[in-house]
Amino acid sequence: MSAVATLNWSCKHTWRRSAKNTAWCLLGCAIGDFGTILYFQLTGIPLPVFAIMTLAIINGLITSIILETIILLKQNFTFKDALKTAFGMSFISMVSMEVAMNLTDYLLTGGAMLTWWVVPIMLIVGFLTPWPYNYWRLKKFGISCH
């Protein structure tokens, strides 16, 4: 039997903790991602959709790492340890979140566009995509960023 199959997936405490961690990650990712898409949407700079989304993903990763580093610094981490932890512990989660959000945007709007109705859907998909991974990571390693 695999380790994933034997893992206890019904721990309410871990689901709550992983939801909190995922929400912080989502906030950080959304700031950079949405900010980038909105910038290109408002300025009308002619850039291919793939280029805008690539920049949005990169900026989302950067802002998420910055936010998580700040949170860890408030928990008395040194800057070096906070940055290393923020970058290492959540990178898979952040990448999956970013790709899911941008793919959702593309599939629903046909481009890199923020509308009043697509943003909540992007946030929900962005939250749900990495949440089980964050739960698994907490359960398996007993670690989290927050």
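**Figure 1. Confidence of the predicted model.** The mean pLDDT of the protein, a predicted model, is 89, and 93% of its residues reach 70 or more; pLDDT is the predictor's confidence in each residue, from 0 to 100. Helices are DSSP runs (H or I, at least four residues) numbered from the N terminus. Residues are numbered from 1 along each chain as its sequence is written. In this predicted model, local features need pLDDT of at least 70 and side-chain atom pairs count only at pLDDT 80 or more, while totals for chains, interfaces and linings use all residues; side-chain values use heavy atoms, without hydrogens and water.

**Figure 2. The crossing of helix 2 and helix 3.** Two packed helices are described by the angle between their axes and the distance between the axes. The axes of helix 2 (residues 12–43) and helix 3 come within 7 Å and cross at roughly 145°; axes are lines fitted to C-alpha atoms, for helices over the stretch in contact, and angles run from 0 to 180 degrees between N-to-C directions. This crossing of helix 2 and helix 3 is right-handed, the near helix being turned clockwise from the far one by less than a right angle. Residues making the contact (heavy atoms within 4.5 Å) include Gly28, Gly32 and Phe40 of helix 2 and Ile52, Gly60 and Ser64 of helix 3.

**Figure 3. Ser64 in helix 3.** Ser64, in helix 3 (residues 49–74), is buried, with a relative accessible area of 0%; buried means under 20%, exposed over 50% and partly exposed in between (1.4 Å probe, protein chains only). Not counting residues up to four places away in sequence, Ser64 touches Cys25, Gly28, Cys29 and Met94. Thr54 is 10 residues from Ser64 along the chain, and their C-alpha atoms are separated by 15 Å.

**Figure 4. Phe40 in helix 2.** Phe40 counts as buried at 13% relative accessibility. Residues up to four places away in sequence aside, Phe40 touches Ile45, Leu47, Ile52 and Leu55.

**Figure 5. Asp105, a buried residue without a salt bridge.** Asp105 is part of helix 4 (residues 79–109). The nearest side chain of opposite charge, Arg137, is 28 Å away; Lys and Arg count as positive, Asp and Glu as negative, and His and the chain ends are not counted. A salt bridge is a side-chain nitrogen of Lys or Arg within 4 Å of a carboxyl oxygen of Asp or Glu. Beyond its neighbours within four places in sequence, Asp105 is in contact with residues including Ile37, Met53, Val118 and Met122.

**Figure 6. Asn76 in the loop between helix 3 and helix 4.** Most residues other than glycine have a negative phi. Asn76 has a positive phi of about 70° although it is not a glycine, and counts as exposed at 73% relative accessibility.

Conventions: Helices (H or I, at least four residues) and strands (E, at least two) are DSSP runs, numbered from the N terminus.
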